[in-house]
Amino acid sequence: MGPEAHLSEPGLLVIDVAGRDDATVLAFQAAIARLWGTSTAEHTTRDVGQPGVRLRIYTDLRQVLEEASPTEVEPTAT
């Protein structure tokens, strides 16, 4: 993918994803973006002479999204 990325704060991640096709890596990105604050990419890259595609994702684990929180189940009356 390019040069190494260095982060100055705990909780920040750079995730380099490699997969067979666009749909696979974009689905992975979508799953991560549902959990944490994530800078999403619009397209993947291909390395000449290498199979598959690549994607770089920047994620902030300090930004937990509400959708990631477990839902409370109300007890049923018996």
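These are my notebook entries on one predicted protein model.

**Ground rules**

I number residues from 1 along each chain as its sequence is written, and I leave hydrogens and water out of side-chain values, which use heavy atoms.

**Entry 1: overall layout**

Along the sequence I read the pattern β-α-β-β.

I then looked up burial for the 78 residues of the protein chain, and 18% count as buried. My classes are buried at under 20% relative accessible area, exposed at over 50%, and partly exposed in between, with a 1.4 Å probe and protein chains only.

The protein chain exposes about 6100 Å², and carbon and sulfur atoms supply 54% of that area. The areas come from the Shrake-Rupley method with a 1.4 Å probe; for residues, only the protein chains shown count as cover.

For contacts (heavy atoms within 4.5 Å), I looked at pairs in the protein chain with a separation of 6 or more: residues 24 or more positions apart account for 63% of them.

**Entry 2: the sheet and the helix**

I noted an open sheet of three strands in the order 1-3-2, with antiparallel pairing. Two strands pair here if DSSP finds at least two bridges between them. Strand 1 (12-19) and strand 2 (36-39) are the edge strands, each pairing on one side only. From one strand to the next, the twist averages 35°.

I looked up the pairing of strand 1 with strand 3 and found eight bridges, with the two strands running antiparallel. On this pairing I also noted A18, which stands opposite R54 in strand 3.

Helix 1 (residues 22-35) lies across strand 1, strand 2 and strand 3, and it runs at about 5° to strand 3. Axes are lines fitted to C-alpha atoms, for helices over the stretch in contact, and angles run from 0 to 180 degrees between N-to-C directions.

**Entry 3: the core**

I looked up the largest nonpolar core and found five residues: V17, V25, V53, L55 and I57. Strand 3 (residues 53-64) gives the largest share of this core, three residues. Such a core is a set of buried Ala, Val, Leu, Ile, Met, Phe, Trp, Tyr and Cys residues joined through side-chain atoms within 4.5 Å.

I looked up T59, found in strand 3. T59 counts as buried because its relative accessibility is 4%. Not counting residues up to four places away in sequence, T59 touches G11, L12, L13, I15, I32, W36, G37 and T38.

I then looked up V64, which also lies in strand 3. V64 counts as exposed because its relative accessibility is 54%. With residues up to four places away in sequence not counted, V64 touches L35 and W36. I also noted that V64 and G37 are 27 residues apart in sequence and 6.6 Å apart in space, C-alpha to C-alpha.

**Entry 4: salt bridges**

Side chains of opposite charge can pair when their charged atoms come close. I searched the whole structure for salt bridges (a side-chain nitrogen of Lys or Arg within 4 Å of a carboxyl oxygen of Asp or Glu) and found three.

The side chains of R56 and D16 meet in one of them, at 2.7 Å from N to O. R56 lies in strand 3 and D16 in strand 1, so this pair ties together parts 40 residues apart in sequence. R56 counts as buried at 18% relative accessibility, whereas D16 is partly exposed at 42%.

R54 forms a salt bridge with D47, with the closest N and O atoms 2.7 Å apart. R54 is partly exposed at 27% relative accessible area, and D47 is partly exposed at 30% relative accessibility.

R62 and D60 meet through their side chains at 2.8 Å, N to O. R62 counts as partly exposed at 47% relative accessibility, while D60 is buried with a relative accessible area of 10%.

Terms used:
Predicted model: local features only at pLDDT ≥ 70, side-chain atom pairs only at ≥ 80, totals over all residues. Helix = DSSP H or I, 4+ residues; strand = E, 2+ residues; numbered from the N terminus.
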